[in-house]
Amino acid sequence: MTLDPQLILDSLPLIAQGLGITLKLLFYSSLFGIALAVITLLMRISGRWYLSWPAQAYIYFFRGTPILVQIFIIYYGLPQFGFIRNSILWPILREPFTCCVIALGLNSGAYVSEILRGGVLGVDKGLTEAGKALGLSSPQRFIYITAPIAIRLSLPAYSNEFISTLKATALASTVTLMDVTGVARTLVSQTYAPYEIFIAAAILYLAFAWISYVALAWLEARASRYVKKGN
Amino acid sequence: MSGTQPVIVLDRVCKNFGAFRALTNVSLSVSKGEKLVVCGPSGSGKSTMIRCINRLEEHDGGRIIVNGHELTKDSRNIDAVRREVGMVFQNFNLFPHLTVIKNLMLAPRLVRHKNKDEARAVAMKYLERVRIPNQADKYPSQLSGGQQQRVAIARALCMNPEIMLFDEPTSALDPEMIAEVLDVMTDLAREGMTMVCVTHEMGFARSVADKIVFMDAGEIVEAATPEAFFTKPQTERARQFLSQILAH
Amino acid sequence: MADLAAWGDDFLLGTLVVLKVFVVALIMAVIFGLIGAAARLSRNRIVSGLAKVYVVTFRGAPEIIILLIFYFGIAVSLTALVQYFDPATKFVDIPPFWAGSTAIGLIVGAYMTETFRGAFLGIDHGQVESAYALGLSKFQTFFHVRVPQMWRLALPNFGNHMLSIMKDTALISVIGLEEITFVAQMATSVTRQPFTMYMTVALIYLAITTLITFGVAALEKYANRHLRGAR
């Protein structure tokens, strides 16, 4: 079995046709995930059981089940119910793309919410006390003291989560989307050169994961400007 | 008081960390039963010197002979020296995952191949010596710093060493716990153990040491009896050091 | 619900397949992780470089791509190999069970490599020194001082990796292994109740991941028993 490097190079531009869908999936689901994460976090730290309990149930479900199954439940599963097929949401839930964004966003939101919570818990209690002593209200303390520090503390873990979401977009190919993986699978069924074509796809993902990693590391360095460097 | 045959000999020992010269031509000899206290400002090479004696650091030049074994790359000699030399660290370094008694039994069982009962008997004997037999089944994190350091001394004694090295054994302790550790060390000295102690406890040095070695910048600047060192230090560096440390 | 009951046996068998893949992949992941960690810590630049490449690729490329490379790639290679000896062979099928378990084992092994390496480096060097000072050999120090402390440090991440393995098993349905997601696909095509079927899969996964979480929590409690009363 020999590997044909030329074929890897030749298939790169073909597979790159799927990059648009992959990146759109990544962008929308990350955005959706962050929004969900913030809402969930606020519900969890609200101190009211009727808010924190549903938030915890949501996190528990989406962290405890495979993303593939979550995508299937939303894309294949929801149309089982007549009221969904007749609702105004149907045009959204009929499309594999939007279903994937919803599933990936829900999944990522559960993880990011836990990451943010870790960041909030990592903020020195003395700082919020200082805020109290200065007479800041509870929302003021959260917005001006806790949140900026928590975001900085959360960035390294978020960087990993972002790359996980990137990898998870590859599952969209299972519901007929022509993302990078979808295009690669189609090409393989035509050419039957699985090594070369899947390796070419893997290279695209690795390159983008690396770019994301560097970009987030830069963001982290910027956010940590005021932190005293160790020697 | 001190015997004649030297059990530790350092002959023009040198040690570099990269470009930094940690030890320069350090020569020293310790006789059987002798108590040596090493003092000096921080960064003067005291710890490096004591760590070379059981080869936690490798020296780059000169010779080190401990109990007749020269320390070279030969691992048999290193093993022999480590079996015969006990060491107590500044940060205790007790094994956190083992209870006190198991900390004490580990090396006798693995290195001396003692069976469980023998090892336990020896461990209890030394726990009584350091006056904490009732803590045997606790984990190190449940003890105070002073108790942990006494356990560390007992752990070293369980190997029945002929020489004990102490690397700033009281520096990590709260003031009220220093005395209990120094008491155990004083007992040990009275029983005739050969000891090399790096310490800033000048009261202990004065009452226990046979010889005081003062180091600065990787060199031995002065070596004298406590009497001579504390009353008539020969060098300006030693005088300065003493005035700083005794001012408190 | 009657429809679901009819598929009860298939779901049960599918669950057993999932558990089997989990056990095999976990064993492989631990082995790859230990080898990887030893290689990463090696003083030999080539060895540690190779281990680094392993970690970066298997953590950065989507799980499904790696799985497909394994499944189709190995099948193509084996076919070529067998045809060399017996030109009459049309196609060699490789069992999806082993292709899937190995792929998951390698992926999670890359994560374990970093966990084990971190745990190994996390042990205070004074611990090793005092073991040497007591006369313990390198070998004895490794097994009596390093390993017992290492696994305590590795345990929290190790638990997360076990959950990853469990959730990754759902991917194997893509290459046709008859585990629960695959059973749900079959059942859906007959009963037309996709939501019921995929939700059943999700709940089975949720039950297993919950058990794993409790198991790891109990292990952590055991591993940290010596820290009781620590100040």
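1. Two pairs of chains touch, and the pair A and C has the most contacts. Contact here means heavy atoms within 4.5 Å.

2. A word on the source. This is a predicted model, where local features need pLDDT of at least 70 and side-chain atom pairs count only at pLDDT 80 or more, while totals for chains, interfaces and linings use all residues. Residues are numbered from 1 along each chain as its sequence is written, chains are lettered from A and ligands numbered from 1 in the order in which they are written, and side-chain values use heavy atoms, with hydrogens and water left out.

3. Look at the interface of A and C. Here 34 residues of chain A are in contact with 38 residues of chain C. The buried area is about 3200 Å², and carbon and sulfur atoms give 77% of it. Buried area is the accessible area (1.4 Å probe) that two parts lose on being put together, summed over both. On the chain A side, Gln80(A), Lys167(A) and Phe198(A) lose the most area to chain C. Together they account for 19% of what that side buries.

4. Which side chains form the salt bridge between Glu63(C) and its partner in chain A? The rule finds one salt bridge across this interface. Glu63(C) pairs with Lys167(A), at 3.5 Å from N to O. The rule asks for a side-chain nitrogen of Lys or Arg within 4 Å of a carboxyl oxygen of Asp or Glu.

5. Now the interface of B and C. It takes 24 residues from chain B and 23 residues from chain C. About 2200 Å² is buried between these chains, with 57% from carbon and sulfur atoms. The count of salt bridges is one. Arg51(B) and Glu129(C) meet in a salt bridge, 2.4 Å from N to O.

6. Turn to chain A by itself. Its secondary structure is eleven helices and zero strands. Helices (H or I, at least four residues) and strands (E, at least two) are DSSP runs, numbered from the N terminus. The C-alpha trace of chain A spans about 70 × 60 × 25 Å along its principal axes.

7. Take H7 (residues 96-122) and H9 (residues 138-168) of chain A. Their axes come within 7 Å and cross at roughly 140°. That angle makes H7(A) oblique to H9(A). Axes are lines fitted to C-alpha atoms, for helices over the stretch in contact, and angles run from 0 to 180 degrees between N-to-C directions. Under 35 degrees counts as roughly parallel, over 145 as roughly antiparallel, 65 to 115 as roughly perpendicular, and the rest as oblique. The crossing of H7(A) and H9(A) is right-handed. A crossing is left-handed if the near helix is turned anticlockwise from the far one by less than a right angle, and right-handed if clockwise. Among the residues in contact are Leu104(A) and Tyr111(A) of H7(A), and Phe142(A) and Leu153(A) of H9(A). By class, this contact has twelve nonpolar, six polar and one charged residues. Ala, Val, Leu, Ile, Met, Phe, Trp, Tyr, Cys and Pro count as nonpolar, Asp, Glu, Lys and Arg as charged, and the others, Gly among them, as polar.

8. Next come H10 (residues 180-191) and H11 (residues 194-223) of chain A. Their axes come within 9 Å and cross at roughly 165°. H10(A) and H11(A) are therefore roughly antiparallel to each other. Their crossing is right-handed. The contact includes Val180(A) and Leu187(A) of H10(A), and Phe198(A) of H11(A). Its classes are ten nonpolar, two polar and one charged residues.

9. Last, chain C. H7 (residues 138-168) and H9 (residues 194-223) of chain C pack at about 175°, with axes 10 Å apart. That makes H7(C) roughly antiparallel to H9(C). Trp151(C) and Met162(C) are among the H7(C) residues that meet H9(C), where Tyr205(C) is one of the partners.
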